[in-house]
Amino acid sequence: MAELAAEGKSPDVVFWVGCAGSFDDRAKRVTKEIARILQHVNLNFAILGEEESCTGDPAKRAGNEFLFQMTAFQNIQVLNGYGVKKLVTGCPHCFNTIKNEYPDLGGHYEVIHHSTLIQGLIDEGKLRIQGGTYKGKKITFHDSCYLGRANGIYEAPRAALLALDADLAEMKKSKSQGLCCGAGGAQMFKEAEKGNAEVNHLRAEQALETGAEIIAVGCPFCHTMMSDGVKHHNKEAEVRVLDIAELIGHGLQ
Amino acid sequence: MVEQIIFLALLTLGIGLFVRSIQKIRRNIFLGRPLQINDRKAERWKLMGMVALGQSKMVVRPLAGFFHILIYAGFVLINIEVLEIILDGLTGSHRIFADVFGGVYNLAIGFFEVLAVLVMLACFVFLVRRLSGKPARVSSIQLKGWAYTDAMLILGIELVLMSALLLMNAAEGAMPHSDKAPFLVSAFISPWFLGFSPESLHLIERTAWWFHAVGILAFLNYLPFSKHFHIVLAFPNVWYSKLGAKGKFPNHEAIKKEVELMMNPSAEANGAQPQGDEPIKFGAKDVADLSWKQLLDAYSCTECGRCSSECPANQTGKLLSPRKIMMDTRDRLEEVGRNIDKHGSDFVDGKSLLGDYISEEELWACTTCNACTQACPVNIDPLSIIMDLRRELVLEQSKAPGSLTAMFNNVENNGAPWPFSPSDRGSWRQS
């Protein structure tokens, strides 16, 4: 972004990579697929690189409103400094925070999650999917809380899966009644409280019950949680956990 | 005439006591922080129509939703008959609407009788359900003490009241030359009274009438002490509920001012004044630190447990139960209210919602997934209370779990929840 700005250019959209997308090895692969899709449709995009910082979601949800606001103000300063109008992100937590919580702090942007972007590109005919790889394969989609219940986005990721000609199987708990993967509310960064089971094991069990070969996700934290859950049930050889961006990216020529 | 005077006295007493209870609840609710909610009125009325009146979230679980609607419809419609009871009681008339509405009257009473039977059926089903232990959330397995007794009492009282109504009509139908009865359902009960003298029939009819009338007044006064008060508060609670994205957690204005001052000291000159005399509360320790809407939530809860049954933490055996968060808030608020009644408003009992009622372990089990707020049939928001109490733990008491403190440090120093350097943010392009 800094380089573009130095040249006096501005991108159509800023790709907000997010911390997981920047540092988590599994999520980095998803980041690359999102970038590949953006390049594929010739979208003029930029990343903030070093100037991007945590949105503050885990801090706010862990009760540290001070830290949240300080981080948020810094990000807003950067974004407003570049005159950014539109962002796309692969993380529902970043998406939710920037979209819903930054406006009160002076950050007003159009933010879209990559599943919505993909749905739009498919609808516009800009993204033609070679359905071969996943045609007829049974795929189930795990709704992430911060995309689904938090923001009412249930159809965009499913539309992307349908574009693959996949056999979409719903879990017994899905959409507005979907079960959390267990990572939200800063749980990702702490040990779970005492209980008789792990949330991600339970959710993975629900996903496996569908008989799907692929569990599709749209969130880096769900991705980790579901992968670990599948491993817990010793199914990692048969069942893969893939992000919507990977599924679509694999189908591109 | 004596009967009318007794009735008037009972009616005045019943309504008077009820009003007093309401005032107390109102006072308790407004012990909460002020909060202005009066935006998007059209949307709010529509929401109230759908969720409170239309019970749109009840039918997510179709069977329970269906029987609940039966009881609810019975309650609302049969209460039209209560108007007649009041008028008869005050004027000494007998079935005052019968002469006014003629044939329609018999039709209406027949309809009410059918409803009464359906209400009894639903109450019976719900009683059996609670006794059978399935689902656990409504049985004595999860609901202990008063909460369970309260639930059983409500169902019992409704069964008795409906029986009295049918018995009254049946006794009238059995009377020779009755010009008002028989009615649709009670006509089948009337034959039980075959061979009864007109005097005994009259006595049965009058007893049932008084029982029903006094029973309703007593039940009315039971409501404010019971979870059953949700029939009243469901409406305002939905009207004032959170609109827009569930993922938007409220911005903390006082903290915003502090942060603005911290980041830009010259902002003070631009109107970002430090707060006045009131010490700024960053979180909520006790009920008075919560907003009045959160306290209204607590009084609106009917302890159905749908929130907890959808809660990921609760489903995996953690201590957290959103229903308990709401019940604790109400219990503590009632306790604070009783303290004020006894010792005046400055009394401090040294207890608080956080610590004495809700533990840290419960609060840290929440994934903020909004399953509880989605599940609640009357749009209660347990999550907002959890968040306010978490903020109290972290910002006022510095009691964040160690791993979260480490995460805070990472966010502050590295701009990420993990200890990675910002300079590696672009590394995904090379790998």
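**Entry 1. A pair within helix H3 of chain A**

I began with Glu33(A) and Arg36(A), which are 3 residues apart in helix H3 (residues 25-40) of chain A and therefore separated by about one helical turn. The model is a predicted one. I found the two side chains joined in a salt bridge, at 3.2 Å from N to O. I then looked up the accessibility of each partner. Glu33(A) counts as buried, at 13% relative accessibility, whereas Arg36(A) is partly exposed, at 36%.

**Entry 2. Other salt bridges**

I noted a count of 37 salt bridges over all chains. One of the bridges in chain A links Glu124(A) to Lys126(A), at 2.9 Å from N to O. I recorded Glu124(A) as exposed, because its relative accessible area is 52% and the cut-off for that class is over 50%.

I turned next to Lys173(A) and Glu310(B), whose side chains meet at 2.7 Å, N to O, in a salt bridge. Lys173(A) lies in the loop between strand S6 (167-169) and helix H9 (199-209) of chain A, and Glu310(B) in helix H11 of chain B, so this pair joins two chains. Lys173(A) is partly exposed, at 23% relative accessibility; Glu310(B) is buried, at 8%.

In chain B I also traced a network of salt bridges that links Asp286(B), Arg332(B), Glu335(B), Asp349(B) and Lys351(B).

**Entry 3. Confidence and overall form of chain B**

I checked the scores before going further. The model has an ipTM of 0.96 and a pTM of 0.95. For chain B the average pLDDT is 93, and 97% of the residues score at least 70.

I counted 18 helices and 0 strands in chain B. Its C-alpha atoms fill a box of roughly 95 × 50 × 40 Å along the principal axes. Chain B has 431 residues, of which 51% count as buried. Its accessible surface is about 20,200 Å², with 65% of that belonging to carbon and sulfur atoms. Among contacts in chain B between residues at least 6 apart in sequence, I noted that 74% join residues at least 24 apart.

**Entry 4. Nonpolar cores**

I looked up the largest nonpolar core and found 119 residues in it; Leu87(A), Leu404(B) and Phe408(B) have the most contacts inside it. Helix H5 (residues 65-81) of chain A supplies the largest share of this core, 8 residues. Leaving out residues up to four places away in sequence, I listed the residues that Leu87(A) touches, among them Val13(A), Trp16(A), Leu79(A), Ile98(A) and Tyr109(A). A second, separate core has 45 residues, including Phe7(B), Ala116(B), Val119(B) and Leu127(B).

**Entry 5. A nonpolar patch on the surface**

I found a surface patch formed by Val2(B), Ile6(B), Leu10(B), Leu13(B), Leu17(B) and Val214(B), with about 490 Å² of accessible area together. Helix H1 (residues 2-29) of chain B gives the largest share, 5 residues. I checked Ile6(B), which lies in that helix, and recorded it as partly exposed, at 43% relative accessible area.

**Entry 6. Backbone details in chain B**

I noted a cis peptide bond from Lys134(B) to Pro135(B), with omega near -5°. Pro135(B) has its place in the loop between helix H5 (103-132) and helix H6 (145-174) of chain B.

I recorded a positive phi of about 45° for Arg40(B), which is not a glycine. Arg40(B) is in the loop between H1 and helix H2 (41-53) and is partly exposed, at 42%. Glu303(B), also not a glycine, has a positive phi near 60°. Glu303(B) is in the loop between helix H10 (292-300) and helix H11 (306-310) and is buried, at 9% relative accessible area.

Definitions and conventions:
Residues numbered from 1 in each chain as written. Chains lettered and ligands numbered in written order. Predicted model: local features only at pLDDT ≥ 70, side-chain atom pairs only at ≥ 80, totals over all residues. Heavy atoms only, no water. pLDDT = per-residue confidence, 0-100. Patch = residues over 30% accessible without salt bridge, like charges linked within 9 Å, V, L, I, M, F, W, Y side chains within 5 Å. Areas by Shrake-Rupley, 256 points an atom, 1.4 Å probe, with all protein chains shown as cover. Salt bridge = Lys/Arg side-chain N within 4 Å of Asp/Glu carboxyl O. Helix = DSSP H or I, 4+ residues; strand = E, 2+ residues; numbered from the N terminus. Buried < 20%, exposed > 50% of the residue type's maximum accessible area, 1.4 Å probe, protein only. Core = buried A, V, L, I, M, F, W, Y, C linked by side-chain atoms within 4.5 Å. Contact = heavy atoms within 4.5 Å.
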